Amino acid sequence: MKVTTCSKRPILEPCGLENLNYQIDPYVGCGHYCRYCYALARAETDWREEVRIHGDIVGQLRRELESVEPQIIYMGYNTDPYQPVEAEQLQTRKVLELFMETGHSVSFLTKSDLFVRDLDLLTRMMEARASISAAFTVDEVREQFEYNTTPTHKRMAALKRAREAGLKTSALLCPIIPHITDVMTLVEQLAPITDTIWIYGLNISDRGGLNWKNMEAILGRYFPNRKDRVVEAVFDREHAYWKELRSRLEALRQEGMPELRIHI
């Protein structure tokens with residue numbers, strides 16, 4: 001993976017997520033290269049070959065945080081803070097070390113297990129939250145849609161460690177790909193290690209975008225017998241597939257899983 005320096009831009013940005021005012025993308029681009037990713041529409045490089053870092057992430061961010069009172073800041077909106085290059089580039093760890101100085105904390109989302117490396121910092125922060133994203137139970141299927149991610153079971157094991165270490169934990173069950181994602185199995189596996197499970201379906205509105213072109217190619221090559229059914233459900237939120245799934249998830253919530261946040 002080629003790592004280059006991005007053009008000068010703000011590091012601390014407004015965040016539209018619930019109860020979070022700010023977000024940070026420690027990288028520009030993401031080596032995980034999930035074929036369905038919404039951020040591909042804004043890609044500055046080919047993420048399979050190149051990602052970018054901020055030239056002075058600590059110095060610039062320290063200045064940007066001077067007027068921001070201690071609070072939880074989100075990482076994981078446009079890039080994965082624990083993508084493969086983080087093992088050597090340490091941009092995310094540098095941000096966490098700065099947070100230790102300034103009194104800020106973090107809520108992050110990742111498709112990696114690398115965050116266990118940083119438990120020494122995370123466990124000393126105010127209400128730090130670790131979250132994983134998961135959509136596949138079979139590794140061969142995961143590899144078709146998520147180019148370079150950590151196996152789902154390893155992400156879950158890491159989240160379990162974070163929970164045992166005292167962190168708040170949650171999961172994003174997303175994207176649900178109709179007739180491919182085993183939603184109920186994932187909920188069963190995630191429930192014991194999370195405080196909240198957010199559930200979203202695959203959401204693609206532009207059939208001309210790179211993410212949908214990627215999806216069409218994968219479905220045609222690996223799931224030709226399911227392709228038509230998948231396409232029908234993806235572009236129709238009132239499709240019978242979603243109605244049945246909503247019903248099953250609501251039943252689970254009634255049976256004792258109140259922290260299912262269902263957005264399908």
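Guide: What follows treats the salt bridges and then the cysteines. This is a predicted model, in which local features need pLDDT of at least 70 and side-chain atom pairs count only at pLDDT 80 or more, while totals for chains, interfaces and linings use all residues. Residues are numbered from 1 along each chain as its sequence is written, and side-chain values use heavy atoms, with hydrogens and water left out.

A salt bridge is taken here as a side-chain nitrogen of Lys or Arg within 4 Å of a carboxyl oxygen of Asp or Glu. By that criterion, the search of the whole structure returns 19 salt bridges.

One of them pairs arginine 93 with glutamate 97, with 3.4 Å between the closest N and O atoms. Both residues belong to helix H3 (residues 91–102), where their spacing of 4 residues amounts to about one helical turn. Helices (H or I, at least four residues) and strands (E, at least two) are DSSP runs, numbered from the N terminus. Accessibility is classed as buried under 20% relative accessible area, exposed over 50%, and partly exposed in between (1.4 Å probe, protein chains only). Arginine 93 is buried at 17%, whereas glutamate 97 is partly exposed at 35%.

Arginine 142 and glutamate 143 form another salt bridge, their closest N and O atoms lying 3.7 Å apart. Here arginine 142 is buried, with a relative accessibility of 4%, and glutamate 143 is partly exposed at 46%.

Arginine 163 bridges to aspartate 195, with the closest N and O atoms 3.0 Å apart. Arginine 163 sits in helix H6 (residues 152–164) and aspartate 195 in the loop between helix H7 (183–190) and strand S10 (196–201), so this pair ties together parts 32 residues apart in sequence. Both partners are partly exposed: arginine 163 has a relative accessible area of 32%, and aspartate 195 has 30%.

Shared partners also link salt bridges into one network, which joins Glu86, Arg93, Glu97, Arg117, Asp118 and Asp120.

As for the cysteines, a disulfide requires a pair of cysteine sulfur atoms within 2.5 Å, and the whole structure contains 0 disulfides. Cysteine 30 is in no disulfide, the nearest cysteine sulfur being that of cysteine 34 at 6.4 Å; cysteine 30 is buried, at 9% relative accessibility. Cysteine 37 is likewise in no disulfide, and its nearest cysteine sulfur, that of cysteine 34, is 6.4 Å away. Cysteine 37 is buried at 17%.
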